[in-house]
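Start with the structure below.

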Amino acid sequence: MAEYHYILTERDEHVGIVTLNRPKELNALNFQLIEELAHALEDFDRDEAIHCIVITGSGEKAFAAGADIKEMADKSPIDMLQDSSDGWRRIKRVRTPLIAAVGGYALGGGCELVMTCDMIVASENARFGQPEILIGVIPGAGGTQRLTRAIGKYRAMEMILTGAQIPAQELADLGLVNRVVPKGKHLDAALELAHKVAEQAPIAARLAKESILAAFETPLADGLEIEQKNFSLLFATEDMREGMRAFIEKRKAEFKGR
Ligand code: CO8
């Protein structure tokens with residue numbers, strides 16, 4: 001297992017857990033943290049025993065309060081391109097389903113990291129926002145795109161142009177947050193969901209993720225092609241034979257990830 005300074009990793013059966021671990025700085029995402037996070041997610045992604053990954057923040061106050069403003073303040077455009085954007089690209093390429101467990105603030109890059117995940121579980125006190133405009137910039141890790149696709153142009157405009165913080169329940173009502181749970185219960189609830197996902201045939205879960213993400217990146221006709229090909233490809237897996245046989249034999253399927 002790699003040595004990390006700003007994150008913690010652990011495993012709970014078939015679920016990998018990554019905790020952003022700079023609680024005094026509200027888990028602000030410095031360049032090294034993003035590099036470590038990308039590395040840890042890639043490690044879990046390569047590990048056949050891991051079927052779902054939960055990302056959370058340490059401490060009670062925040063998932064992450066954004067990119068590290070103190071580190072960014074003196075950076076040049078080239079620094080930003082070279083030091084930071086590669087890690088974000090690597091996180092986006094992770095094929096294993098990702099669940100964000102959000103307690104407290106998910107702001108700026110923190111909100112963008114949450115939206116890079118595939119499902120979002122939040123405590124009732126969680127607050128989401130894209131406050132970059134308040135410090136003279138705009139979201140730079142997908143916020144203008146993912147937020148707009150999730151909640152629509154008008155609400156995204158308001159959030160990004162005012163920098164307002166929005167409570168979890170309001171975003172659940174708009175479709176961004178999967179479920180809101182009592183304060184402090186976000187990790188337990190995310191793990192419960194993760195274990196449900198981890199019980200499924202893992203290759204099918206990855207191809208389902210890939211196909212759903214295609215809905216954001218391709219015209220409908222291309223997305224339908226991708227889905228059809230991924231669906232057919234699953235007929236090459238032992239898990240597909242097992243799943244269908246188990247249904248016919250009226251028993252629970254035992255998936256092996258092959
Ligand atoms: N960066 C660095 N340090 C931070 C950050 C941050 N984003 N957020 C909080 N901290 C630090 C504070 O400076 C403070 O440190 P110290 O004790 O040394 O002064 C400590 O964390 C605790 O914070 P506060 O005292 O401010 O706590 P409060 O409870 O009073 O306030 C807030 C909490 C409202 C969350 C407040 O800290 C805040 O507004 N933080 C900044 C939020 C923000 O603007 N986020 C957006 C940053 S920009 C961004 O994310 C762009 C992403 C693009 C990435 C693209 C890369 C390619």
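R245 is partly exposed in this predicted model, because its relative accessibility is 41%. Its salt-bridge partner is E242, at 3.9 Å from N to O. E242 counts as buried, at 11% relative accessibility.

- E242 and R245 both sit in helix 11 (residues 238–248). Three residues separate them, about one turn of the helix.
- A network of salt bridges links E242, R245, E249 and R251.

**Salt bridges across the chain**
- The structure has 15 salt bridges.
- One of them joins D45 to R206, at 3.3 Å from N to O. D45 is in helix 1 (residues 31–46) and R206 is in helix 9, 161 residues apart.
- D45 is buried at 9% relative accessibility, whereas R206 is partly exposed at 21%.
- E217 and K92 also pair, at 3.9 Å from N to O. E217 is in helix 9 and K92 is in helix 3 (residues 77–92), so this bridge ties together parts 125 residues apart in sequence.
- E217 is exposed, with a relative accessible area of 56%. K92 is partly exposed at 42%.

**S211 in helix 9**
- S211 belongs to helix 9 (residues 202–217). S211 is buried, with a relative accessible area of 16%.
- Beyond its neighbours within four places in sequence, S211 contacts I226, E227 and N230.

**Cysteines**
- The disulfide count is zero. For C52, the nearest cysteine sulfur is that of C117, 9.7 Å away.
- C52 is buried at 0% relative accessibility. C117 is buried too, at 8%.

Key. Residues are numbered from 1 along each chain as its sequence is written. This is a predicted model: local features need pLDDT of at least 70, side-chain atom pairs count only at pLDDT 80 or more; totals for chains, interfaces and linings use all residues. Side-chain values use heavy atoms; hydrogens and water are left out. A disulfide is a pair of cysteine sulfur atoms within 2.5 Å. Buried means under 20% relative accessible area, exposed over 50%, partly exposed in between (1.4 Å probe, protein chains only). Helices (H or I, at least four residues) and strands (E, at least two) are DSSP runs, numbered from the N terminus. Contact means heavy atoms within 4.5 Å. A salt bridge is a side-chain nitrogen of Lys or Arg within 4 Å of a carboxyl oxygen of Asp or Glu.
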